[in-house]
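My entries follow in the order in which I looked things up.

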Amino acid sequence: MIRPRTVQDLTHVNLKLINTFVCVAEFGSFHAAAKALGRSQSAISMQVRELETQLGVMLFLRTTRHLELTAAGKMLLDQARVSISALSTTFRHIHEDIDFRRGHVRVACSPTYAAARLPYVIKTFKDAFPDVKVSIGEYKSAEILNALKQDKADFGVGPALSDPQMNFEQGRAEPLLAVVPDDWIDTGEDTETIALDVVLRHPLVMFYPNTVVHQIISKAAEERGLSFTVEYSCIQGETLLAFANAGLGIAVLTASIADLSRVRNCRILQIVEPELHRRFTMITRKGTLLPPAAKHLYGLIAQDITDRLA
């Protein structure tokens, strides 16, 4: 069998020697190259001489004080740099592909988004990449940042907070909604909004005070000199809806927090005067590069946040 010419030309060349040659050429010294490669200077010199023997040309002009590339050496250095760069890129892509298909992605997530949307995004991801393991940690807002700092997660999904160590990629603003029992307020047949002061006159069903939604309502009420009464505090958005459906209070939440199709005997109205918004954001530590699998899932969740809030 006749082998391709490119294979025939390379059968007598040791690629490790090429790497040593490039190192010597770039440092301009056998001694410096030996130190960088963790080898003895005599071993480095021997490898370069062996490469010259294999190629049949001199690559360096040597004196006691000076090392200079020959014309052949300059030609080889230029091409070797290109080839080594191409090989390095190829090897990196191979490892990234393995990591992408058999990796492990860790997500620190707000419980509200985890309950409402995250399972559907992960299902899409796992359908395409079944061998990638996905671990989910449900955390309160500040705990998401701590999970990232302690390397317990690759990225987070939660509200934007103030932290100089983190990057927050904003999703679109999601308006706060009031789920109002039908017989509580006469808002008019065509009205799709309700003023904040009207909402706050009634018993509320809300998340606990340490949550972002509760804090948004509290801040807006304080700025306008309004007070309010939380009749029931809940952890899950679905629980808020259940209480509103039973006529026990006005539930305050966002569309992504619960399945609004489950609303019964209530109207879903956007809170205005003022308009109030909550943002889910994608959170990463500054200076951190996501592995390929994590980067792909990050993109799917970011897209979901954008689409849901559009």
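**Entry 1: a pair of helices**

I began with helix H3 (residues 30-37) and helix H4 (residues 41-55), which pack at an angle of about 105° with their axes 8 Å apart. I kept in mind that the model is predicted. Angles from 65 to 115 degrees count as roughly perpendicular, so I described H3 as roughly perpendicular to H4.

I then asked which residues make the contact. From H3, I listed Phe30, His31, Ala33, Ala34 and Leu37. From H4, I listed Gln41, Ile44, Ser45 and Val48. Sorted by class, the contact of H3 with H4 has 6 nonpolar residues, 3 polar residues and no charged ones.

**Entry 2: the sheet of 5 strands**

Next I traced an open sheet of 5 strands, whose order is S4-S3-S5-S15-S6 and whose pairing is mixed. At its edges I found strand S4 (133-138) and strand S6 (166-170), each of which pairs on one side only. From one strand to the next, the twist averages 25°.

I looked up how strand S3 (residues 104-109) joins S4: the two pair in the parallel sense over 6 bridges. Within this pairing I noted Val105, which stands opposite Val134 in S4.

Two helices came next. Helix H7 (residues 118-128) lies across S3 and S4, and it runs at about 170° to S4. Helix H8 (residues 141-149) packs on the sheet, where it touches S3, strand S5 (155-158), S6 and strand S15 (281-285). The direction of H8 makes about 35° with that of S15.

**Entry 3: the sheet of 6 strands**

I turned to an open sheet in which 6 strands follow the order S9-S13-S8-S12-S10-S11, again with mixed pairing. Which strands stand at the edges? I identified them as strand S9 (193-195) and strand S11 (230-234), each pairing on one side only. The twist here averages 35° from one strand to the next.

S9 pairs with strand S13 (residues 266-272) in the parallel sense, over 3 bridges. I recorded Gln270 in S13 as the bridge partner of Thr193.

Helix H10 (residues 212-223) touches strand S10 (204-207), S11, strand S12 (250-253) and S13, and its direction makes about 125° with that of S10. Helix H11 (residues 237-245) also packs on the sheet, touching strand S8 (177-181), S10, S11, S12 and S13. I noted about 155° between the direction of H11 and that of S12.

Methods. Residues are numbered from 1 along each chain as its sequence is written. This is a predicted model: local features need pLDDT of at least 70, side-chain atom pairs count only at pLDDT 80 or more; totals for chains, interfaces and linings use all residues. Side-chain values use heavy atoms; hydrogens and water are left out. Two strands pair if DSSP finds at least two bridges between them. Helices (H or I, at least four residues) and strands (E, at least two) are DSSP runs, numbered from the N terminus. Axes are lines fitted to C-alpha atoms, for helices over the stretch in contact, and angles run from 0 to 180 degrees between N-to-C directions. Contact means heavy atoms within 4.5 Å. Angles under 35 degrees count as roughly parallel, over 145 as roughly antiparallel, 65 to 115 as roughly perpendicular and the rest as oblique. Ala, Val, Leu, Ile, Met, Phe, Trp, Tyr, Cys and Pro count as nonpolar, Asp, Glu, Lys and Arg as charged, and the others, Gly among them, as polar.
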